[in-house]
Amino acid sequence: MDARDFDWNWALREQWEFHWNHQLKSRLDGLTDEEYFWSPGPDAWSVRPRGQSTAPMHVGAGEFTIDYAFPEPAPPPFTTIAWRLGHVIVGVLAARNASHFGAAAASYETWEYAGTGREALEQLEAQLDIWLTGVRNLGESELRESVGAKEPYPELSMADLVLHIHRELIHHLSEVSLLRDLYLHTRSVAFPANS
């Protein structure tokens with residue numbers, strides 16, 4: 001294949017889509033509410049019913065809020081699957097979908113966080129669909145354009161942002177998978193056969 005004919009958009013998407021389709025998606029199937037909220041240690045940050053957080057800050061627009069602090073404590077608190085999915089859904093995907101692909105405005109403060117594992121996975125898949133549709137529609141010239149003031153590093157290209165978001169997804173969803181393993185091996189709860 002001639003380098004001039006190389007499909008950069010496909011290569012960028014394939015980094016994420018292969019990992020999602022062959023490693024992560026099946027590892028998230030069947031997420032229970034107990035796993036979603038489970039904390040293997042004290043004082044972990046999570047998503048909680050409004051009014052039940054003890055974190056320095058907690059935000060959200062619905063019945064559930066997400067824990068956080070600014071600046072982040074050192075060392076940072078451990079985070080539950082609920083928190084990690086909330087971070088991926090809102091901070092990694094929904095905010096970028098709004099900034100770059102015309103989706104509804106989204107922020108940690110305005111998001112309605114999922115109160116169940118199933119709802120969180122539905123939110124994740126909805127935001128992934130918006131992200132991948134947006135990325136799929138980027139031409140090579142658009143991938144080369146700088147992201148501008150919408151991002152902390154405005155001089156980087158859209159291709160750089162796509163790579164960063166995919167690394168974030170792989171990183172955090174692998175952590176969720178590990179937490180499911182920890183839950184299984186410390187709580188003696190069997191997962192469905194496809195997990």
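**Exercise 1. Determine which side chain makes a polar contact with the side chain of Glu 151, and describe where Glu 151 sits in this predicted model.**

Solution. Begin with the pair itself: the side chains of Glu 151 and Arg 96 are joined by a polar contact of 3.0 Å. Then list the surroundings: once neighbours within four places in sequence are set aside, Glu 151 is in contact with Arg 96, His 100 and Leu 161.

**Exercise 2. Decide whether Glu 151 is buried or exposed.**

Solution. The relative accessible area of Glu 151 is 9%, and the cut-off for a buried residue is under 20%, so Glu 151 counts as buried. For the setting, 43% of the 195 residues of the protein chain count as buried.

**Exercise 3. Work out how the protein chain is built, and how its radius of gyration compares with the globule rule.**

Solution. Start with the elements, of which the protein chain has 6 helices and 3 strands, arranged along the sequence as α-α-β-β-β-α-α-α-α. The radius of gyration is 18 Å, close to the 16 Å that the globule rule gives for 195 residues, so the protein chain is as compact as a globular protein of that length. Finally, turn to the contacts: among those between residues at least 6 apart in sequence, 66% join residues at least 24 apart.

**Exercise 4. Describe the charged side chains of the protein chain.**

Solution. Count each set, which gives 15 positive and 28 negative side chains, and then compare their centres, which lie 2 Å apart.

Conventions: Residues numbered from 1 in each chain as written. Predicted model: local features only at pLDDT ≥ 70, side-chain atom pairs only at ≥ 80, totals over all residues. Heavy atoms only, no water. Helix = DSSP H or I, 4+ residues; strand = E, 2+ residues; numbered from the N terminus. Rg over C-alpha atoms; globule rule 2.2 N^0.38 Å. Buried < 20%, exposed > 50% of the residue type's maximum accessible area, 1.4 Å probe, protein only. Contact = heavy atoms within 4.5 Å. Lys, Arg positive; Asp, Glu negative; His and termini not counted. Charge placed at Lys NZ, Arg CZ, Asp CG, Glu CD. Polar contact = N/O pair within 3.5 Å; in protein donor to acceptor, adjacent residues only side chain to side chain.
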